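These are my notebook entries on a structure with two chains that I wanted to read slowly, one topic after another. I began with the place where the chains meet and then turned to some parts within each chain.

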Amino acid sequence: MLLLKLAWRNLFRNVRRTVLTVMLVGFSLVALILTDGIMIGIQESMVGTITETLAGEAQIHRRGFLDDMDDELYITDPDPIIERVAANEAIAAYAPRVLSAGMITSPYNIAGGLIYGVNADREVSISKIKRAIVEGDYLSGSTRQILLGKPMVELLEVSLGDRIVVTVSEVETGEISQELFRLSGIIEFGVPAMDEGLAFINLDVAQRLVGLDEGIHEIAVRFKNPEDAKNRDHAFYREFNNDEIEALSWLDFSPAVSALIEMANYGTLIIGIVLFLLATLGLINSLFMSIYERIYEFGVAKAIGTTPRGIVGLVMLEAFLIAIVSCVMGSVLGYHVNSWYEANGIPLGSFEVEGVVLQGLYTKVVIEQFITLPFYVVLLVLVAAIYPAIFAARIVPATALQRSL
Amino acid sequence: MEPVIETRNVCRYFGEDETRVAALDHVSVQIERGEFTAVIGPSGSGKTTLLHLIGGLDNPSSGEVFLSGTNIAEMSGTELSDFRRDHIGFIFQAYNLIPVLSAEENIEYIMLLQGVPANKRHERVREMLNLVGLEGLGDRRPAHLSGGQQQRVAVARAMASNPDIILADEPTANLDSATGVALLDIMRQLNEELEMTFVFSTHAQKIMDRARRLVYLEDGKVERDESK
């Protein structure tokens with residue numbers, strides 16, 4: 001207790017220096033918390049854009065389908081698979097789909113696109129199609145309904161209710177198949193590639209158009225715990241990967257984003273190392289100044305019997321207390337700064353990363369930022385204190401006490 | 001009786017070759033238990049160096065130093081620290097109390113190093129404060145004590161560990177005459193009542209007058225060794 005008291009009071013012998021040191025370490029922690037918040041925010045935003053907009057967190061296809069979107073590779077009898085997906089406890093929602101490249105024609109123009117046949121009810125829990133409608137109505141099961149992205153609508157020079165003809169080739173026969181639709185809704189995902197190239201029609205219409213009968217190309221899936229989607233060893237992936245079908249995580253069907261996230265994690269690590277390095281050098285400097293100021297006192301302490309280990313302990317205890325105070329200050333401040341940006345966002349406008357458009361940048365507050373990061377700060381401060389502590393322990397009393405005994 | 005301190009032909013040189021200076025030159029001294037000895041001499045005569053050596057704060061260039069029969073050259077750094085903690089009390093010219101600790105805590109600190117239980121430490125602190133006449137001032141930090149009071153705390157700290165010997169380097173040099181004499185009287189009283197061994201280095205005539213033995217140093221050599 002007396003040693004703790006001694007170490008604590010020693011911090012206030014030079015209040016200005018201690019405050020500056022605490023600010024150095026504390027603000028480094030704030031910067032790190034904010035950086036981590038930004039990185040998690042970007043990641044969640046990107047992952048959210050990918051998984052929530054349309055793709056879902058995982059997808060089941062006929063094996064090889066995604067390699068070159070060969071629409072002949074479809075799941076001919078999807079019901080047993082869908083039943084197993086529905087029964088899987090890890091799965092929150094699913095939606096079967098038919099995909100086919102096709103030609104979308106209006107009386108005025110023509111565009112190529114990817115036609116999605118979707119189950120309107122199930123898609124609500126998987127994708128953002130319904131929420132992306134900016135004009136008109138969502139699909140309700142009617143045969144002639146079609147949703148197009150705003151840029152495509154502009155290209156085709158059509159408006160709600162206008163006629164649209166979709167032309168595809170039938171899967172089995174390769175024959176041309178056409179269907180007439182009326183534009184029922186205009187959508188805007190905010191992702192240019194999607195708004196320019198996708199069309200959505202009802203699932204049964206798509207199955208008939210492409211000639212699949214009951215077949216589908218894809219089952220998009222959402223997990224109860226989004227983290228499970230990233231775990232390729234999860235039971236879900238084991239269950240739905242066999243010679244016939246494959247279940248893929250968004251990490252697999254969006255490898256660029258997954259690589260970008262990995263890069264962002266390395267970025268956080270590098271920023272963390274640089275910040276900590278600067279803070280560590282400042283801390284070492286501060287501890288050395290403190291030791292040099294008290295060199296005579298350490299000489300006295302050693303003369304009266306404090307062992308080198310005792311001196312190391314005292315300096316480490318002082319460093320530990322600085323770390324604790326810094327972490328409390330840094331965590332409180334970091335929480336408020338991060339929370340503010342989580343609520344209000346960093347005003348950067350909208351920007352595109354790997355084809356994903358992020359509307360503003362919102363940080364993310366997670367509990368680990370106030371446990372793991374401060375833990376590393378304390379650890380690093382203690383490591384930084386080892387050298388000054390050993391220096392203090394090696395002070396020779398007779399040299400330190402040259403002026404007197 | 002075995003001496004508390006014995007130096008045998010101790011030499012201590014500083015510098016090398018042409019710049020080499022002999023701070024102590026073949027000094028042999030024995031200090032018995034209960035002595036009240038003053039090491040005197042002009043500045044640069046080697047008083048402080050001798051106290052450094054017999055306090056185990058420095059090692060001789062040649063010769064041997066025995067503290068309570070133990071040759072300090074054979075001790076490791078930690079053993080020497082432990083030895084100083086348990087057997088030697090130091091009183092410094094500039095008091096050298098820990099400024100952030102109160103008088104009580106300064107006295108308690110050395111017992112903490114010894115691993116004395118808290119209740120015994122507190123009891124001993126009270127006892128020491130009474131001995132040096134500082135009852136009621138234990139909670140004051142050094143900055144709120146006069147020079148004489150601080151040196152009395154230093155005496156109490158030196159005695160708290162119940163050492164075999166107390167070494168004091170010019171303990172009254174920073175005190176006014178009356179305060180210095182009062183402090184000396186306290187130390188003399190402790191020496192007589194508790195048979196505690198004191199060795200001083202000093203220029204002060206008043207200390208010399210009160211010492212029972214005077215060791216005169218000049219140019220690092222013992223010129224005279226007189227007992228009163």
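**Entry on charged pairs.** I looked up the salt bridges in this predicted model, and the count between chain B and chain A is 2. One that I followed to its residues joins the side chains of B:Glu105 and A:Arg9, with 2.5 Å from N to O. For polar contacts I noted 7 residue pairs between chain B and chain A, where both residues of a pair have pLDDT 80 or more.

**Entry on the side of chain B.** Which elements of chain B give two or more residues to the side that touches chain A? I listed helix H1 (47-54), helix H2 (77-87), strand E6 (88-91), helix H3 (103-114) and strand E7 (165-169) of chain B. Of these, H3(B) gives the most, with 6 residues. When I sorted this side of chain B by class, I found 14 nonpolar, 6 polar and 9 charged residues.

**Entry on the extent of the contact.** I read that the size of an interface is often given as the accessible area lost when the parts come together. Here the area buried between chain B and chain A is about 2,400 Å², and carbon and sulfur atoms give 68% of it. In chain B, the residues that lose the most area to chain A are B:Leu57, B:Val100 and B:Tyr109, which together make up 22% of what that side buries. Counted by residues, the contact takes 29 from chain B and 23 from chain A.

**Entry on a sheet in chain B.** I traced an open sheet of 4 strands in chain B, which run in the order E2-E1-E4-E5 with antiparallel pairing. Its edge strands are E2 (21-31) and E5 (70-71) of chain B, and each of them pairs on one side only. I reminded myself that strands of a sheet pair through backbone hydrogen bonds, either parallel or antiparallel. Strand E1 (residues 5-14) of chain B pairs with E2(B) in the antiparallel sense over 7 bridges, and I noted that B:Ile5 has B:Ile31 in E2(B) as its bridge partner.

**Entry on a helix in chain A.** Is helix H13 (residues 295-303) of chain A mostly covered or mostly open? I found that H13(A) is mostly covered, with 7 of its 9 residues buried. I wrote down the buried ones as A:Tyr296, A:Phe298, A:Gly299, A:Val300, A:Ala301, A:Lys302 and A:Ala303. Just after H13(A), I came to A:Gly305, which takes a positive phi of about 115 degrees.

Notes:
Residues numbered from 1 in each chain as written. Chains lettered and ligands numbered in written order. Predicted model: local features only at pLDDT ≥ 70, side-chain atom pairs only at ≥ 80, totals over all residues. Heavy atoms only, no water. Buried < 20%, exposed > 50% of the residue type's maximum accessible area, 1.4 Å probe, protein only. Contact = heavy atoms within 4.5 Å. Buried area = accessible area lost by both parts, 1.4 Å probe. Salt bridge = Lys/Arg side-chain N within 4 Å of Asp/Glu carboxyl O. Polar contact = N/O pair within 3.5 Å; in protein donor to acceptor, adjacent residues only side chain to side chain. Nonpolar A, V, L, I, M, F, W, Y, C, P; charged D, E, K, R; others polar. Pairing = 2+ DSSP bridges.
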